[in-house]
Amino acid sequence: MDHPGIPRTGPTRPRRAREQQEPRSGRRAQLAALVRAALITVGLVTVYYELPLDGHSTVRTSTLLACGLLLVFVIFWREVRAIVSSPYPRLKAVEALATTLALFLLVFAGTYFTVEHTTPGSFSEPMTKTDSLYFTLTTFTTVGYGDIVAVSQTGRVLTMLQMVGGLLLVGVAARVLARAVRAGMRRQGREPPEDLP
């Protein structure tokens, strides 16, 4: 019981210290998550530019796409499991989305580049790795400037696969990540806000 004029002692000082440290540790965790997401993205882009992707056969191109998409799926599910056990589920979800999205886009960019070098003329102009990444991003964002278009049936099928995969990634994957965040917060005894899907 508090009495006027008598200073409070006991557990309030450690509680205040904890309350002051929590925002600091939260900010550090936010910064660490953003830095990790940026480093992962930069690392994946670096690997994309360093991989020798030209000169493959059609079978190897199909295998590249299938293995790449399988890798996206496996990493996504590992990230979902990590979100549930993370002390900061929301931050881990942002990191997971950045990793999954970057890998998804780079798999398709690599596939477009390989298709163009396996079967020249599959696109409206010869493509470098940067052109392939540009085409992938314009397709994913549905901007579609029209300066590079798929001409061959293979190129068009791959572009349609990317469109469908992008819709699934935005719709289904975002919902799965939101549920994982909810589960992670409940596991910690915190009730997630109602605005999470």
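## A nonpolar surface patch

Which residues form a nonpolar patch on the surface? In this predicted model, the patch consists of Leu70, Phe73, Val74 and Trp77. Together they have about 400 Å² of accessible area.

Phe73 belongs to helix H2, which covers residues 58-85. Its relative accessibility is 49%, so Phe73 counts as partly exposed. Phe73 also turns up in the lining of the largest pocket.

## The largest pocket

The largest pocket has a volume of about 290 Å³. Its lining comprises 13 residues. Nearest the centre lie Val72, Phe73, Phe76, Leu168 and Leu169. H5 gives the most, with six residues.

The lining has 11 nonpolar residues and two polar ones. No charged residue takes part.

## The second largest pocket

The second largest pocket holds about 250 Å³ of space. It is lined by 14 residues. Leu51, Leu64, Leu103, Leu106 and Val107 are the closest to its centre. Here the elements giving two or more residues are helix H1 (12-50), H2 and H3. H3 supplies the largest share, five residues.

By class, this lining divides into 11 nonpolar and three polar residues.

## Salt bridges

How many salt bridges does the model contain? The count is three. They link Arg36, Glu79, Lys92 and Glu95 in a network.

Arg36 and Glu95 meet through their side chains at 2.8 Å, N to O. This pair joins distant parts of the chain: Arg36 sits in helix H1 and Glu95 in helix H3, 59 residues apart. Arg36 has a relative accessible area of 41%, so it is partly exposed. Glu95 is at 4%, so it counts as buried.

Glu79 pairs with Lys92, with the closest N and O atoms 3.4 Å apart. Glu79 lies in helix H2 and Lys92 in helix H3, so this bridge ties together parts 13 residues apart in sequence. Glu79 is buried, with a relative accessible area of 14%. Lys92 is buried too, at 17%. Lys92 also forms a salt bridge with Glu95, where the closest N and O atoms are 3.3 Å apart. Glu95 and Lys92 are three residues apart in helix H3, so about one helical turn separates them.

Key
Residues are numbered from 1 along each chain as its sequence is written. This is a predicted model: local features need pLDDT of at least 70, side-chain atom pairs count only at pLDDT 80 or more; totals for chains, interfaces and linings use all residues. Side-chain values use heavy atoms; hydrogens and water are left out. Patches are made of residues with over 30% relative accessible area and no salt bridge: like charges are joined within 9 Å, nonpolar side chains (Val, Leu, Ile, Met, Phe, Trp, Tyr) within 5 Å. Accessible areas come from the Shrake-Rupley method with a 1.4 Å probe; for residues, only the protein chains shown count as cover. A salt bridge is a side-chain nitrogen of Lys or Arg within 4 Å of a carboxyl oxygen of Asp or Glu. Helices (H or I, at least four residues) and strands (E, at least two) are DSSP runs, numbered from the N terminus. Buried means under 20% relative accessible area, exposed over 50%, partly exposed in between (1.4 Å probe, protein chains only). On a 1 Å grid over the protein atoms alone, a cavity is a set of points where a 1.4 Å probe fits but cannot get out, and a pocket is an open set with protein on both sides within 12 Å along at least five of seven lines; lining residues have an atom within 4 Å of a point. Grid points are joined across faces, edges and corners, and a volume is the space filled by probe spheres set on the points. Ala, Val, Leu, Ile, Met, Phe, Trp, Tyr, Cys and Pro count as nonpolar, Asp, Glu, Lys and Arg as charged, and the others, Gly among them, as polar.
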